Amino acid sequence: MAYRILVVEDDRGLNQGICLALQREEFIFDTAYTLKEAWKKYQEKNPDMVLLDVNFPDGNGFDFLRMLRKSSDIPVLVITANDMETDEVTGLMLGADDYITKPFSLMALRIRTENIWKRIKKPGMAEYVYKEAGYFFDFGNFKFKAGGQEIGLSVPEQKLLKLLLMHKGQILTREMLVENIWDCDMEYVDENALSVTVSRLRKKLMVNGMDCPVSTVYGTGYVWKHMEE
């Protein structure tokens, strides 16, 4: 099955280079060089993933991401020349699944892109449905509800949620969560990435006055508390 990727980058040479570097049989690429063109291509082509630069002559990539997240949880990998922690955190807070900072090696970008692709197509997700105390999570059909209200979850949030549910009542260390959510060692993931992902998941679960079962165990990690606790 083809996997369509929209590459949004105003540098034409880099845009084409990204498409060539990521080329594989399963991938189909669409390109956009402005945010206006990107939004049109997104609506027309219905991509499965977006590689999104931040700085454009006609706007800011973060504004595009913010608008995108109002209607879609499509995986987004942010490409930024801004080597600042605040920009990385901003992207994650807005719902980006990963980011990479310029200048980067095309091999590193390929690995990050394929990791997101593998997480989405991983069969284990499709086998788990959770129903309890106002929560309904169907990972196979990507349907998530809290207090009867449908919520949208990014790929890292889905991975985090499933790990906590599968080990309900058990403390999961930060190292274990990072390794399983991003499929890599801790040193390759910004230390704030997990905290941001947990924070966003909690906000989405706390609808209609519901208590969030995701509890922090300081100095160790996180746990999904039994609902009766």
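**Note on a predicted protein model**

1. Helix H6 (residues 155–166) has 12 residues, which at 1.5 Å a residue should span 16 Å, and the separation of its end C-alpha atoms, 16 Å, agrees with this. The expected span is 1.5 Å times one less than the number of residues. Helices (H or I, at least four residues) and strands (E, at least two) are DSSP runs, numbered from the N terminus.

2. The model is a predicted one, in which local features need pLDDT of at least 70, side-chain atom pairs count only at pLDDT 80 or more, and totals for chains, interfaces and linings use all residues. Residues are numbered from 1 along each chain as its sequence is written, and side-chain values use heavy atoms, with hydrogens and water left out.

3. The predictor's confidence in each residue is given as pLDDT, from 0 to 100. Its mean over the protein is 85, and 89% of the residues reach 70 or more.

4. The secondary structure consists of eight helices and 14 strands. Of the 229 residues, 49% count as buried; buried means under 20% relative accessible area, exposed over 50%, and partly exposed in between (1.4 Å probe, protein chains only). Contact means heavy atoms within 4.5 Å. Among contacts between residues at least 6 apart in sequence, 61% join residues at least 24 apart.

5. How many of the 12 residues of H6 are buried? The number is 11, so H6 is largely enclosed by the rest of the structure. The buried residues include Val-155, Pro-156, Leu-160 and Leu-161, and also Glu-157, Lys-159 and Lys-162.

6. Two packed helices are described by the angle between their axes and the distance between the axes. Axes are lines fitted to C-alpha atoms, for helices over the stretch in contact, and angles run from 0 to 180 degrees between N-to-C directions. The axes of H6 and H8 come within 10 Å and cross at roughly 80°. H6 is therefore roughly perpendicular to H8; angles under 35 degrees count as roughly parallel, over 145 as roughly antiparallel, 65 to 115 as roughly perpendicular and the rest as oblique. Pro-156, Glu-157, Leu-160 and Leu-161 of H6 make this contact with Thr-197, Val-198, Arg-200, Leu-201 and Lys-204 of H8.

7. Helix H8 (residues 192–205) also packs against H4, at an angle of about 30° and with the axes 9 Å apart. H4 is therefore roughly parallel to H8. On the H4 side the contact involves Glu-85, Val-89, Leu-92 and Met-93, while the residues of H8 include Asn-192, Val-196 and Arg-200.

8. Asn-180, in helix H7 (residues 174–181), is partly exposed, with a relative accessible area of 30%. Leaving aside neighbours within four places in sequence, Asn-180 is in contact with Lys-159 and Leu-163. The C-alpha atoms of Asn-180 and Pro-156 are separated by 9.6 Å, although these residues are 24 apart along the chain.

9. Most residues other than glycine have a negative phi, and most peptide bonds are trans. Asn-46, in the loop between helix H2 (35–45) and S3, has a positive phi near 50°; at 58% relative accessibility, Asn-46 counts as exposed. Pro-103 lies in the loop between strand S7 (98–101) and H5, and a cis peptide bond, with omega about -5°, joins Lys-102 to Pro-103.
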